[in-house]
Structures are given as C-alpha cells and as structure tokens.
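Work through the exercises below with the sequence and the structure open. Each task is followed by its solution.

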Amino acid sequence: MAYRYDLLLKNGVVVDPTTQREGIMDLAVRDSRIVEVAPDLDPTQAKELFDATGLYVVPGIVDLHVHASTWLGGKFAHKMLAQAGVTTALDTSGPVDSVLDMARDYGVGLNLACIQYVRPGDTVAGEDPGESELRNLLEECLARGAIGLKILGGHYPLTPEATARTIAVANRAKAYIAFHAGSKKTGSNMEGFLEAVALAQGQSLHIAHINSYCRGLCRPYMAEAEEAIAALLENPKIRSESYLSPVNGTSAKCRGGVPESLVTQKCLAMGGFASSEAGMEEAILAGWAQINVESGGQMILATGPEAVAYWRQKGTDTTVGFKVNPPEPRLRLVTAKRPSGSFVVDCISTDGGGIPRNVIVEMGLALVKLQALTMQEFVVKTSYNPARILGLHNKGHFREGAAADVTVLDLAGQQAIMAIANGEVIMHKGFVCGKGGQIITTAAGAGYVRQKGLTPLVVDLARSGFYQW
C-alpha cells in the first residue's frame with residue numbers, strides 16, 4: 001500500500017505562532033516535511049500513527065546554548081537533549097572536532113551547530129591576540145564545520161581590545177559570534193555585561209545567559225536585571241538568551257591548587273569557601289558545589305564524599321554546578337517585552353546538554369501554567385526565535401513544507417513526550433531511539449563535516465536572524 005503520510009499525529013493541540021494556529025488538529029509528515037495540518041486527517045493513510053489527545057504539538061525545541069563535547073557535556077549530551085524534547089541545539093564552546101566526533105559516535109538524530117572557543121593559551125597564544133591571529137582562527141574553525149566563535153570572557157578572559165577585535169572579525173566575515181561576558185578589566189557580572197554591550201559597538205553579537213550577570217555581585221540583583229533589559233532595548237543587534245535553572249555550570253578543573261575558571265573561583269567565594277582546590281573539596285562535601293557525575297546513562301548532580309572521589313578520579317577535570325541564580329531575575333528576564341510586544345531576551349536556553357539542567361520544558365511550562373507566558377509565547381522563545389537566529393528558515397514553525405521537527409508536550413506533567421527531528425522519531429516517552437543527526441554548518445565546512453561521516457545542513461548566516469533580525 002502506498003501511504004500518503006509517513007507519520008501522523010492525531011488530535012493534539014497544535015500550536016504555531018507564525019500561522020496563529022492553536023487548536024485540536026492533526027499534523028502529517030511525509031519525506032521529512034510537514035505536509036498537512038488540519039482536523040480529521042485519514043489515519044488509514046499513515047504509515048505510523050500517534051495519538052496526541054490531551055497533548056500539545058509544537059515546533060521542535062531549539063536550545064541556543066548547550067554543551068556536547070568531551071570538554072563540556074560528554075557522551076550523554078545528545079541523549080539528554082532528546083529526552084528533554086530538544087530537536088536542534090547550538091554547542092557554545094566546542095572544541096569543534098570534539099563536537100563532531102561526539103555527534104558521529106553518540107548522535108541520536110539531533111540537528112547540532114557548534115562555535116569554537118577563543119581561549120588564551122589554547123586556541124590563541126595569549127590574552128591580546130591580534131586581528132590576523134583571530135582571522136586565522138575563524139577561517140580554520142569555519143573550515144572544520146563550526147559556524148563561528150565564542151569568547152569565554154567570564155572564564156578565560158581576553159583584553160577588552162582583543163574582545164572587540166574578535167567581535168569585529170566575526171562580523172566582517174558574517175560568522176556567528178557569542179560572548180560569555182567578562183574581560184581582563186571586568187568579570188562575569190553586570191559590569192562585564194555592560195562592557196560587552198559597549199564592545200559590540202552596534203555590531204551583531206550573541207550575549208550568553210543574561211540571567212548569569214544578575215546575581216547581585218555589583219548591585220541588587222533586580223536592579224541588575226533592569227539594567228540588562230535597558231541595555232538590550234537600546235542595542236537591537238544583540239541576540240540573547242537566558243536560562244531558568246537555579247544551578248549554573250562551570251569547570252571544576254584545578255591547576256596549581258586553584259580552579260582554572262574565574263567563574264568557578266567566584267562561585268566558591270559566593271558560598272563562603274576559599275577559591276582554591278581545597279576550598280572546592282570543602283564545597284563539594286558541604287553540598288554547595290555539585291559535581292556532574294555519570295550515572296545510569298546520563299549525568300547527574302552529586303555532592304558529598306562520593307562526588308569528591310569522582311572529581312579526584314577524573315583529575316578534577318569535571319563540570320560543577322552552584323545554586324547561584326536567584327529566581328526573581330530569571331522570571332523578569334524571561335517575560336520582559338519591548339514596546340513592540342516582542343521579547344527583550346530572545347530565547348529560553350539551558351546552558352545544558354550534557355550538563356544536567358535541560359529544563360526548558362519543565363520550567364518553561366511552569367511559566368505557561370502561571371500564565372507568565374502563553375503557549376504561543378513559549379514556542380516563540382524556544383523554537384521560532386532561536387531557529388531564526390541560526391538561519392534555519394524551515395524550522396521553528398509548521399508552515400507547509402517546513403522541516404518536520406516536532407516536540408509533543410504534556411502540559412500537566414511539564415515534560416516532553418515525543419521528539420521528532422527531520423521526520424524521524426528520536427524520543428518517545430523518555431526512550432531515545434534516534435540515530436545520527438545533522439551538523440548545522442556553513443558552505444566552508446560542509447566538506448569537512450562529510451569527511452567526519454556526518455550530514456551537513458548548510459546555512460547562510462548573512463541571511464539569518466543573527467544579522468537580519
């Protein structure tokens with residue numbers, strides 16, 4: 001029998017802000033595309049049928065800030081993202097070869113992009129790289145499949161001048177550029193954020209996790225949230241995301257008895273612990289520092305003697321989380337709007353992946369229940385906006401011919417029930433069944449992605465929401 005549809009979702013509440021759809025309908029997929037959205041489609045014409053009664057059917061979730069490399073995230077990142085209902089993600093640090101290798105070996109069907117970190121003593125020689133060195137780094141990482149660069153300022157800062165050069169080099173090349181705010185002059189705080197805005201000089205820039213600069217380190221945290229909102233309102237070329245988890249994520253690696261990351265040092269001090277390796281051990285034992293530990297095919301947060309033992313076994317080279325994000329700025333930032341009605345902070349992200357805080361659905365749907373967001377607004381912030389920023393014009397909506405990326409949500413349970421990427425079911429009721437995936441790259445990196453045994457999905461960032469909002 002020749003079926004009309006490869007897959008049919010019946011009787012779900014279909015939500016698509018781009019077409020103003022929100023009601024009980026069926027959604028049909030053929031050849032990896034959305035082909036029909038309408039009531040009462042014939043189930044006998046579908047090769048695979050799923051009953052979505054009582055569930056929400058939304059465009060696939062796009063997480064604009066995850067980690068899925070051996071450096072951060074690890075081998076369970078793809079699985080954990082799919083379980084959280086994510087279909088597309090941006091790895092915001094790299095290293096790019098590690099991200100590609102992990103996608104090849106542990107992929108579950110996701111669409112994944114990557115940006116390469118700029119780190120003194122690693123990808124650049126020192127804290128003040130010149131334009132030529134930065135341009136060479138960008139060209140090299142684009143050729144290896146990345147879509148741009150990430151400045152790790154809060155963790156491993158550059159000089160302000162080198163930070164500005166990096167932003168300018170990426171903009172001239174129409175490459176992606178993201179920034180964890182902070183430089184040799186400032187830190188990962190509100191002053192660092194305001195400096196980042198100034199260093200952008202009106203150019204395009206993705207400033208990561210806006211909530212992380214609103215922890216009360218410079219001024220009362222709600223005052224900082226309002227400062228962030230005001231700065232974003234005045235700088236429309238800055239793209240942004242915030243996350244909803246109370247727990248952050250950073251490196252627990254120590255060198256010479258001191259955590260390498262300045263963020264880690266600051267988080268230890270915030271908890272009243274010494275910013276040292278000994279202080280880290282005390283913080284883990286006390287429950288302030290939560291080590292990311294492998295357990296049962298995923299990463300979990302752990303404290304106490306067993307967590308210390310795991311951290312030591314790994315030579316301290318693990319990820320750690322601290323409960324440093326107050327709730328009020330998180331709520332304010334995720335709901336703030338411009339006079340036009342669009343959101344000040346473009347997207348809800350997680351800074352998760354293999355870091356166990358993939359809570360877009362869990363906490364985002366709590367905001368829908370609270371009526372802080374409508375379901376259509378939830379979709380805008382978790383699918384349409386991030387897809388637009390990445391230049392994925394056929395994702396983030398259900399218009400006819402769109403890529404069949406779908407997330408099925410249980411609002412009452414605040415969980416993802418199913419994830420479909422490119423027309424293939426990759427997760428159903430927590431069981432991850434997808435394979436492989438696509439790497440979002442530019443024309444410069446498509447060949448290298450194929451050499452790695454992966455499928456490229458080529459985007460033109462010059463035509464993306466990153467440069468043309």
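**Exercise 1.** How much space lies in the largest pocket?

Solution. The model is predicted, with local features needing pLDDT of at least 70 and side-chain atom pairs pLDDT 80 or more, while totals for chains, interfaces and linings use all residues. Residues are numbered from 1 along each chain as its sequence is written, and side-chain values use heavy atoms, without hydrogens and water.
Step 1: a pocket is an open set of points on a 1 Å grid over the protein atoms alone, where a 1.4 Å probe fits, with protein on both sides within 12 Å along at least five of seven lines. Its volume is the space filled by probe spheres set on the points, which are joined across faces, edges and corners.
Step 2: the largest pocket holds about 340 Å³. Its lining (residues with an atom within 4 Å of a point) counts 17 residues, with Thr70, Trp71, Gly74, Met299 and Asp317 closest to the centre.

**Exercise 2.** Describe the second largest pocket.

Solution. Step 1: its volume is about 250 Å³.
Step 2: 13 residues line the second largest pocket, and Met80, Gln298, Pro356, Arg357 and Asn358 lie nearest its centre.
Step 3: helix 1 (77-83) and strand 17 (298-302) each give two or more residues to this lining. Helices (H or I, at least four residues) and strands (E, at least two) are DSSP runs, numbered from the N terminus.

**Exercise 3.** Which residues make the contact between helix 8 and helix 9?

Solution. Contact means heavy atoms within 4.5 Å. Helix 8 (residues 277-286) contributes Glu277, Met280, Glu281, Ile284 and Leu285. Helix 9 (residues 305-313) contributes Pro305, Ala307, Val308, Trp311 and Arg312.

Conventions
Axes fitted to C-alpha atoms, helices over the stretch in contact; angles between N-to-C directions.
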